[in-house]
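I opened the model today and went through it piece by piece. My entries follow, in the order I looked things up.

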Amino acid sequence: MNTRIIKIDPDNIDMNLIAEAAEIVRRGGLVAMPTETVYGLGADSFNPEAVKKIFAAKGRPADNPLISHIAEIGEVERLAREIPPRAQRLMEHFWGGPLTVILKKRPEVPAEVSAGLDTVSIRMPSHSVAHALIKASGTPIAAPSANLSGSPSPTLAEHCIADLSGRVDMIIDGGSSLIGLESTVVDLTAEVVTVLRPGAITAEQIAEIAGDCIYGGNYAEAPKCPGMKYTHYSPRAEVFAMKSMENAEEMLKAHGGKTAVIDMNPKRYAADIVYDAGPDLNSYAARLFYLLRRADEDGVDFLIARLPESEGIGAALRNRLLKAAGGRTDDSYA
């Protein structure tokens with residue numbers, strides 16, 4: 001497949017290029033698009049054959065549901081058969097933005113989108129290019145992250161090109177993602193509002209709008225949202241998430257391969273490469289996936305990364321880092 005790569009300025013959108021991308025979506029093709037969280041690989045949510053192409057292009061397990069992206073709150077009614085008042089409040093408060101809601105789905109939503117579940121995941125992104133593409137396509141766009149399944153999520157078009165060139169019809173370069181981590185996913189089908197995947201919007205923020213909110217998710221069951229069941233975000237290096245950096249020097253010196261460290265405001269480490277994650281948690285979040293991919297490009301064999309505290313976006317960072325490390329921490333190092 002010949003992948004067309006186009007560049008669209010989010011502040012000065014070329015609607016002719018948007019129209020070209022929207023036509024690909026309408027005829028059942030795949031378009032990688034920028035969002036404020038990470039880049040997404042989009043197809044028409046109501047076209048089962050197009051949705052199947054997403055799984056094939058990514059090498060994604062078929063029991064991993066997709067998020068349907070919309071341009072207006074009113075489009076939720078095309079996808080969900082029930083919209084509880086608390087869902088309406090959350091959508092009005094946080095959309096467009098990095099919040100995905102899980103609701104009971106309408107029968108028109110293909111099983112391929114919902115992984116056979118009776119629920120559908122819905123988000124309205126704030127990114128101007130994504131919004132324009134969804135609106136021009138005239139359909140909700142099902143879109144997981146635009147990377148090969150299991151690898152670090154893409155925050156630049158270059159990441160999409162490296163993973164998906166030749167596998168998709170078009171990649172839209174809309175610059176760097178602003179947040180750098182996937183959306184918060186909240187299940188609104190149970191009695192208690194439950195965050196299944198942490199993101200930039202915290203459980204505390206959600207509770208202020210929708211009442212009691214907990215973190216949860218049963219990994220033994222069919223996953224209700226992306227990112228719950230499978231190892232994700234993993235570079236080729238062996239990764240350890242560091243609760244404390246006290247043992248960093250010992251661990252680095254004990255490893256014979258090419259070593260690297262990811263840390264905020266990093267000091268000198270006995271590593272071949274030290275990656276600066278920035279001065280705060282928001283910077284760390286925006287840079288994490290980029291740095292994991294840099295580690296691959298730099299041929300790193302052994303990588304340790306500071307595991308942040310769980311306040312604010314730190315909960316989402318901890319979630320992604322522990323998945324990238326396969327649960328390995330300095331406590332489990334031997």
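Entry 1, a helix over strands. I began with helix α7 (residues 157–164), which lies across β1, β3 (40–44) and β8 (170–173). I read its direction as about 160° to β8. Axes here are lines fitted to C-alpha atoms, for helices over the stretch in contact, and angles run from 0 to 180 degrees between N-to-C directions. Contact means heavy atoms within 4.5 Å. Helices (H or I, at least four residues) and strands (E, at least two) are DSSP runs, numbered from the N terminus.

I noted the ground rules next. This is a predicted model, where local features need pLDDT of at least 70 and side-chain atom pairs count only at pLDDT 80 or more, while totals for chains, interfaces and linings use all residues. Residues are numbered from 1 along each chain as its sequence is written, and side-chain values use heavy atoms, with hydrogens and water left out.

Entry 2, the sheet. I traced an open sheet of eleven strands with mixed pairing, in the order β1-β8-β2-β3-β7-β4-β6-β5-β9-β10-β11. Strands β1 (4–7) and β11 (213–215) stand at the edges with a single partner strand each, so one side of each has no neighbour in the sheet. Two strands pair if DSSP finds at least two bridges between them. I checked β4 (residues 67–69) against β7 (residues 141–142): they pair in the antiparallel sense over two bridges. There H69 stands opposite I141.

Which residues of α4 (residues 85–94) are buried? I found R86, A87, L90, M91 and F94. Buried means under 20% relative accessible area, exposed over 50%, partly exposed in between (1.4 Å probe, protein chains only). Seen down the axis of α4, the buried residues fall within an arc of 135°, so they line one face of the helix. The arc is that of the directions from the helix axis to the C-beta atoms. These residues pack against α3 (76–79), β5 (99–104), β10 (193–197) and α8 (203–210). On the face turned away I saw the exposed residues P85 and E92.

Entry 4, strand β12. I looked at β12 (residues 238–242) and found four of its five residues buried. Five bridges join β12 to β15 (residues 302–306), and the two run parallel. E238 stands opposite F302 in β15.

I listed three aromatic pairs in the structure. Rings of Phe, Tyr and Trp (its six-membered ring) pair if their centres lie within 6.5 Å; planes under 30 degrees apart count as stacked, over 60 as edge-to-face and the rest as tilted. F240 and F302 have ring centres 5.7 Å apart and planes at 45°, so I logged the pair as tilted. F240 lies in β12 and F302 in β15, so the pair ties together parts 62 residues apart in sequence. F240 and Y333 form an edge-to-face pair, 5.2 Å centre to centre with 80° between the planes. Y333 lies in the segment after α11 (314–324), so its pair with F240 ties together parts 93 residues apart in sequence. Ring pairs link F240, F302 and Y333 into a cluster.

R328 lies over the face of F240, at 5.6 Å from the ring centre. The cut-offs for a charge over a ring are NZ of Lys or CZ of Arg within 6 Å of the ring centre and within 35 degrees of the ring normal.

Nine of its eleven residues are buried, so α11 is largely enclosed by the rest of the structure. Its cover includes β10, β11, β12, α10 (281–297) and β15. Just after α11, I noted that G326 takes a positive phi of about 60°.
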